[in-house]
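Open the model in a viewer and keep the selection panel at hand.

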Amino acid sequence: MKVLLASSEVHPYSKTGGLADVVGALAKALAKEGLQVGLATPLYKGILEKFPGIHPSDLRIDLPLGTRRVEGEVFQLEGESGLTVYFIRQSDFFHRAGLYQETGADYPDNAERFVFFSKCVMHLARHLAWQPDLIHVHDWQVGLVPLLIKHAKERAGWGTAPKTCLTIHNLAYQGVFPRSAYELTNLPEDYFHPGGAEFYGRMNCLKAGITCADLITTVSPRYAREILTEAFGGGLDDVLRQRQRSLVGILNGVDYTEWKTTGNPFLNNSFALRNLRGKEAEKLSLQLTMGLPQASDRPLFGSICRLVDQKGSDILLGALVEMLAANMQFVLLGSGSPLLEKAFQNLARRYPDKAAARIGYDHPLSHRIEAGCDFYLMPSRFEPCGLNQMYSLRYGAIPIVRATGGLDDSIIDLTEDLEQANGIKFYEYSSRALAKAIRKALVLYRELPLLRHFRKNAMSADFSWDRTTAEYVDVYRRTLAAA
Ligand code: ADP
Ligand code: GLC
C-alpha cells in the first residue's frame, strides 16, 4: 500500500502541539509496517540548517492561486526504510518566525499559505513517480485536499486519483476565512454550498475535508462520539452525523523511542519502575531549575500546555489558589494567551516557594517536567486525545485528568478499576472538582503501597504505535477496497 501523508507540522522538523508528534510517529510506524510512505510538509525557517540531509528534488511547483501564479520547490529527505519526507519551499509563505502566527496574532495570509500548501499536496500526489493509493491529510490546513481531489477525479480528468482520508486532531480549529478566500482554490463556484466548503457564508477548510474525504478519523474513540453532539461539534456536528458511517476514532500512540526514561538525552538520570532513584534526582534538579526549594518529600505537580481555553487553565488557576496552602509544589511550562501567561506568572510571584511558571516553548524542559513530577495535571475542557497524560504515565507522573475525549479513554481511575488504576479522574468542569482531585492526590502521595501500585500501572501502560498503526492500516485497507 502506498500512502502520502500531509501535515502543516511534523516532529522533529516543526511543532506547536501534539499534531506534529502524531504525524511524525505515524509516518515512521507505517513505513516500518512495510507501506510505502511519503509525507508532505512546509519547509519552515531553520529546517534546512538543522537537517543537512534534505536535498532538492526534480519536482517544481508553479500553481494558480486565485488570480496569480505561485512558484515553489520540493526538497526531500529519505528517512527510515520506505519513508520520504517532501518539504515544500515557498519562502514568502513559510520562511517566517512562526508556523501560524506571531505574538498571538494569526498571519493575515494564512488562507493563501495553506490553500497553496494543499494544492502542492495534490500536485505531489499527481506527479510523484510512485503514485500513492491514498492521501492522508491532517487538520484544517490541508482540509481542502479531499475537495481538490474530488474535483480532479470527477470533473478534471484524473479518474485514477487516490482515495482520501482526513484526520481531525482538533475540531476547535477549522480554518474559516471570508468568502473571497474561496477564489484562491480556483475551483468552480458550485462546491461553495453548505454540503461542501461553505459555512455560514464563509469558507471552511475543515468542512471541505469532512464533506469530501472517503474516510474520516479522529484521535480517540470518545472524541469520535463527542463531536457528533452540539456541545463538542463546533457547528459541524450536523455534517459529521451525516458522515458518521465513515468516521472512526483511533487513539493516538506514543513514540517510546523518544519518550523514554532510560537513555533520554534530555534527562540527567535514567530510571525505571524497579529503581526510582533517578526519578528522585530528576525531581530535585527540576526544583532547582524552576527556582523552587529542593524537597524530595514534597509532592510536585506539573503541567505543560498551550495556554488556550481548551486546556482548562482557568479552573487550574482557581484550584491552585485553593490548594497551594497545602504542602505541595506546582510547575508550569506553557505559552499562548498573554492573559493566561500573566496569570501563571502572578501565581508564581504570589507563592514563590510553591509555584513556578516558565513561559515559552522548551522541548528538553518538557521531558524534565514529566520525569521530575509526581503528578501531572490535565484539566482540559475538551481533549481530542492528549499526549501528555500518556507521556506522564510512562515517566511515573500520575495523571490527574478531566474525563473528556482521549483523557477518558487513556486513564483509569480507581473507581473504575482498582486493579488497573493509573490516574485520577474528575468530571465536573470546575476549580472545586479539580481541587478535590488534587486533594486525592495528596492523600495518595502519603499512602506508599497504593502510590507504588498506581506507579506500576502507570509506567507499564502501553500506548505504543503497533496497535494504532494496525488500526490505521485496517481502515486504509477498507477504504481502498470500497467502490
Ligand atoms: P495539543 O496538541 O492540544 O497541544 P497534546 O497533549 O496532544 O496537546 O500535545 C502537546 C504536545 O506539545 C506535547 O508533546 C507537549 O509536550 C508539547 N508542548 C506543549 N506546550 C509546550 C511547551 N510550552 N514547551 C514544550 N513542549 C510543549
Ligand atoms: C490536537 C489535540 C490533542 C491531540 C493532538 C494530536 O492538537 O488538541 O488532544 O492529542 O491534536 O492528535
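## Stop 1: ligand 2

Select N170 and ligand 2: a polar side-chain atom of N170 lies 3.2 Å from an oxygen atom of the ligand. Bear in mind throughout that this is a predicted model.

An N or O atom in the N252 side chain is 2.9 Å from an oxygen atom of ligand 2. C385 makes its approach through the backbone, where a polar atom is 3.0 Å from an oxygen atom of ligand 2. On its own, ligand 2 has 310 Å² of accessible area, and the protein covers 93% of this.

## Stop 2: ligand 1

Move to ligand 1 and show the residues around it. There are 21, and K15, G18, R306, K311 and G360 are the closest.

- K311: an N or O atom of its side chain is 2.8 Å from an oxygen atom of ligand 1.
- D21: here too the side chain supplies the N or O atom, at 3.1 Å from an oxygen atom of ligand 1.
- G360: a backbone N or O atom lies 2.8 Å from a nitrogen atom of ligand 1.

The protein covers 94% of the 560 Å² of accessible area that ligand 1 has on its own. To see which elements form the shell, select α1 (18-32), β15 (300-307), β16 (329-336) and α13 (388-394); each gives two or more residues. Of the elements, β15 gives the most, with three residues.

## Stop 3: I359

Select I359, which is found in strand β17 (residues 355-359).

Next, draw a distance from the C-alpha atom of I359 to that of G334. The two residues are 25 apart along the chain, yet these atoms are separated by 5.2 Å. G334 is also one of the residues in contact with I359; L307, L332, E341 and Q345 complete the list once neighbours within four places in sequence are left aside.

## Stop 4: the two domains

Zoom out and colour by domain. The assignment gives domain 1 as 2-253 + 466-481 and domain 2 as 277-462. Their C-alpha centres lie 32 Å apart. To inspect the boundary, select the 20 residues of domain 1 that are in contact with 19 residues of domain 2.

## Stop 5: the largest nonpolar core

Which residues have the most contacts inside the largest nonpolar core? They are F116, I210, F301 and F330, in a core of 172 residues. Helix α4 (residues 110-127) contributes the largest share of this core, with 10 residues. Keep the domain colours on, as the core draws at least three residues from each of domain 1 and domain 2. As a general point, nonpolar side chains in soluble globular proteins tend to be buried together.

Leaving out residues up to four places away in sequence, F116 touches I61, L63, L65, V70, E71, I88, Q90, F93, F94 and A111.

Definitions and conventions
Residues numbered from 1 in each chain as written. Chains lettered and ligands numbered in written order. Predicted model: local features only at pLDDT ≥ 70, side-chain atom pairs only at ≥ 80, totals over all residues. Heavy atoms only, no water. Core = buried A, V, L, I, M, F, W, Y, C linked by side-chain atoms within 4.5 Å. Buried < 20%, exposed > 50% of the residue type's maximum accessible area, 1.4 Å probe, protein only. Helix = DSSP H or I, 4+ residues; strand = E, 2+ residues; numbered from the N terminus. Domains from an automatic or database assignment. Contact = heavy atoms within 4.5 Å. Near = heavy atom within 4 Å. Polar contact = N/O pair within 3.5 Å; in protein donor to acceptor, adjacent residues only side chain to side chain. Areas by Shrake-Rupley, 256 points an atom, 1.4 Å probe, with all protein chains shown as cover.
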